[in-house]
Amino acid sequence: MTKGKSLSIGAAMKNRMQEQGPVKQESVELAVTPDDSAPTQVSEVLEPFNTRLPTGLHRRLKLHAASERMKIQDIVSTALEAFLDKKESK
């Protein structure tokens, strides 16, 4: 352990994220286009997002991600997009 002022895990992660800068996602496929042509691809900057989930839900998410060979961030992003699209269309 190093001498000096120690940081909490959250503060250490925040410092590391600031040092690394934003992460640019390679591409995101949009499922639907207005003219029903092939999906388009766009690049977006990924923002850090932390949350707490019940243990059982987190376990289900990890198992689903592993079985589908997907990243948890992709599953969460897709689910949030669908949820917000549904809420915004009301």
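At 80% relative accessibility, Arg69 counts as exposed, where exposed means over 50% relative accessible area, buried under 20% and partly exposed in between (1.4 Å probe, protein chains only). Arg69 lies in the loop between α2 (55-68) and α3. Its phi is positive, about 55 degrees, although Arg69 is not a glycine. Most residues other than glycine have a negative phi.

The model is predicted: local features need pLDDT of at least 70, side-chain atom pairs count only at pLDDT 80 or more, and totals for chains, interfaces and linings use all residues. Residues are numbered from 1 along each chain as its sequence is written, and side-chain values use heavy atoms, with hydrogens and water left out.

**The chain**

The chain holds three helices and four strands, in the order α-β-β-β-β-α-α along the sequence. Helices (H or I, at least four residues) and strands (E, at least two) are DSSP runs, numbered from the N terminus. Of the 90 residues in the chain, 6% are buried. The accessible surface comes to about 8,700 Å², and carbon and sulfur atoms account for 55% of it. Accessible areas come from the Shrake-Rupley method with a 1.4 Å probe, and for residues only the protein chains shown count as cover.

**A buried leucine**

Leu61 belongs to helix α2 and is buried, because its relative accessible area is 15%. Apart from neighbours within four places in sequence, Leu61 is in contact (heavy atoms within 4.5 Å) with Leu53, Ile72, Ile75 and Val76. Val76 is 15 residues from Leu61 along the chain, and their C-alpha atoms are separated by 8.9 Å.

**Surface patches**

Patches are made of residues with over 30% relative accessible area and no salt bridge; like charges are joined within 9 Å, and nonpolar side chains (Val, Leu, Ile, Met, Phe, Trp, Tyr) within 5 Å. A salt bridge is a side-chain nitrogen of Lys or Arg within 4 Å of a carboxyl oxygen of Asp or Glu.

Phe49, Leu80, Phe83 and Leu84 make a nonpolar surface patch of about 420 Å². Phe49 sits in the loop between β4 (45-46) and α2. A patch of negative charge gathers Glu44, Glu81, Asp85 and Glu88 on the surface; Asp and Glu count as negative, with the charge placed at CG of Asp or CD of Glu. Glu88 is in helix α3 (residues 72-88).

| Residue | Relative accessibility |
|---|---|
| Phe49 | 59%, exposed |
| Glu88 | 62%, exposed |
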